[in-house]
Structure formats: C-alpha cells, structure tokens
Amino acid sequence: NLASALGAVNEKFPLTVYLSDSVAQAQKDAIKSRLGADIAVAGFDYTSKEQALKAFKGANNSEAALIQGIGGNPLPASFDVRLKAGSAAERAKKLVADLSKMGGVEEVQFLQDEAGKLKSLLDAFSFGGLAAGLGVFIGVLFISYSTLKLAVVRHIDEVEVLKLMGSPRSFIMAPFLLEGLLQGVVASGIAIAILYGLLTLAGSGALSFVPAGATLVFMPFWAWGGLVAAGGLLGLSGSFFAFFKTLKM
C-alpha cells in the first residue's frame, strides 16, 4: 500500500512537453508515438492552446485580465506526461533528451530532482521491507525452536522409553513435528487476522496517521495461503531442529 501511494504521487510529478506555435500535426503524431513507445510512461494528455487558456482563466481569475491585455493567446499547447512509479532516473533523462530534440518541441519541463528523491524513498522502503522480513523470519524460527525445545524436554522420559522399546525415529518425531506445524499454521492465521483488522481500521479513518479517503488493499487470497504455509514450514523447521538438538538423535 505504501509503494502504491508513493507511486501515485510519483505519477503526478509533471513532465511537460511545450510545443511551438508552428508545430505541425505530423510532429505531434511523432511525439505521441515516442511517448507511447516508452516503458517509463504511464500515460499522457494533450492540451491545446485553447484548452490551456481556458484552464488558466478558470484557475487565475485575478490574472485573467493580464492575458486579455496582451491580446491573443500566448499560452502554448503541451503534452502532460505521467511517469511510472518504478521508472529509472536514467530512463526519464533519456526521454527528456529525446523529446527536446524532436521537431515542434519548444521546451521540456521536468521536476527531475523531486522525482529522483521520491524514487530513492521508494527504494529505501523496499529495502527496509526486505530487511524487516528477514528479521521476522529469523525471529520466528528462533522462537519456534525455543518453544518446541521446551516441549521436547517435557517429554524426554517418554522419548527414552520409546527408544528402548525400539520405536523408529520417524514414529518418535512425528508428534513433535506435528505440534510445530500446527503452532506455525495457527500463529500465521492469527497474524493475518490481526493485520486484516488493522487494515480495516485504517481504511475506516480510525487511525489518525492514515490520510482520509486513502485506498487500501489487503493481500490477495494466494498470499494468505502462502503465509499460512510459510508459518507452518517455520514451525516444522523449528521443531525438527529442536528435536535433534535436544535428543541428539
């Protein structure tokens, strides 16, 4: 959701292509083709000179008299380009350079520094998410190991009796592995439920740090299953290592 929000802001950083008054239709078509073929472009809109003048008068009523005093329409036609959130800075620079050389283009305006800062922020959050995920993975594995080690210690006498009776290792291990698996599945299910509740609160505006009207989406259904399976695998792994470490079998 954070990446989506930052991406939406990034698309609003303007890359505006101002056209000369003498631009030909063929030149406009060439610019459209160049924008449409670039993978960094999320979309673009064309604003004619008349539309630009109308928008200016509507947004600046106090300054509309200045335009009327000049006479005619001094505002240029333009293409307003929206860039994709994950677009590389080099790709945007190349696009600006290519557009600046095209016929009919008077000027290309791009808030490069602001867009670059936002891209760096998005990359930092992505790296932070990966680091946090790795930390959670290690923490859960350690907690599972410690918790299930206690379970093995509690039943060590029963295990010794089973060993003396000649029970195979798989028969002795099975209850401990099953316990770890169930603990991991249940714990991940509870975590998903808590996360869904927090997201519901955020979407309702109950959390002050979430902007009003923000569109939040929960994980897709396949991700639920993936997290439950991962939780079960972590619990199973912790139980497996706890069993062998404690009993040295």
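Author: A residue is called buried under 20% relative accessible area, exposed over 50%, and partly exposed in between. The model discussed here is predicted.

Reader: Why is L236 called partly exposed?

Author: L236 has a relative accessibility of 30%.

Reader: What makes L177, G180 and L181 contacts of L236?

Author: Contact requires heavy atoms within 4.5 Å. L236 is in contact with L177, G180 and L181 when its neighbours within four places in sequence are left aside.

Reader: Why is α7 called roughly antiparallel to α8?

Author: The axes of helix α7 (residues 156-164) and α8 cross at roughly 155° and come within 10 Å. Angles over 145 degrees count as roughly antiparallel, and therefore α7 is roughly antiparallel to α8. On the α7 side the contact is made by V159, L162 and K163, and on the α8 side by F171, I172 and F176.

Reader: Which residues form the nonpolar patch on the surface, and how does L198 qualify?

Author: The patch consists of V186, I190, I194, L198 and L201, which together have about 450 Å² of accessible area. Membership requires over 30% relative accessible area. L198 has 45% and counts as partly exposed. This residue is found in helix α8, residues 169-203.

Reader: How do you know that R34 and D98 form a salt bridge?

Author: The limit is 4 Å between a side-chain nitrogen of Lys or Arg and a carboxyl oxygen of Asp or Glu. The closest N and O atoms of R34 and D98 are 2.8 Å apart. R34 lies in helix α2 (residues 25-37) and D98 in helix α5 (residues 89-100), so the pair ties together parts that are 64 residues apart in sequence.

Reader: What makes R34, D38, K94 and D98 a network?

Author: Salt bridges link these four residues. R34 also meets D38, at 2.9 Å from N to O, while D98 meets K94 at 3.0 Å. D98 and K94 are 4 residues apart in helix α5, which means a separation of about one helical turn.

Reader: Is D38 buried or exposed?

Author: D38 has a relative accessible area of 5% and is therefore buried. D98, with 22%, is partly exposed, and K94, with 46%, is likewise partly exposed.

Methods:
Residues numbered from 1 in each chain as written. Predicted model: local features only at pLDDT ≥ 70, side-chain atom pairs only at ≥ 80, totals over all residues. Heavy atoms only, no water. Buried < 20%, exposed > 50% of the residue type's maximum accessible area, 1.4 Å probe, protein only. Patch = residues over 30% accessible without salt bridge, like charges linked within 9 Å, V, L, I, M, F, W, Y side chains within 5 Å. Areas by Shrake-Rupley, 256 points an atom, 1.4 Å probe, with all protein chains shown as cover. Helix = DSSP H or I, 4+ residues; strand = E, 2+ residues; numbered from the N terminus. Axes fitted to C-alpha atoms, helices over the stretch in contact; angles between N-to-C directions. Parallel < 35°, antiparallel > 145°, perpendicular 65-115°, else oblique.
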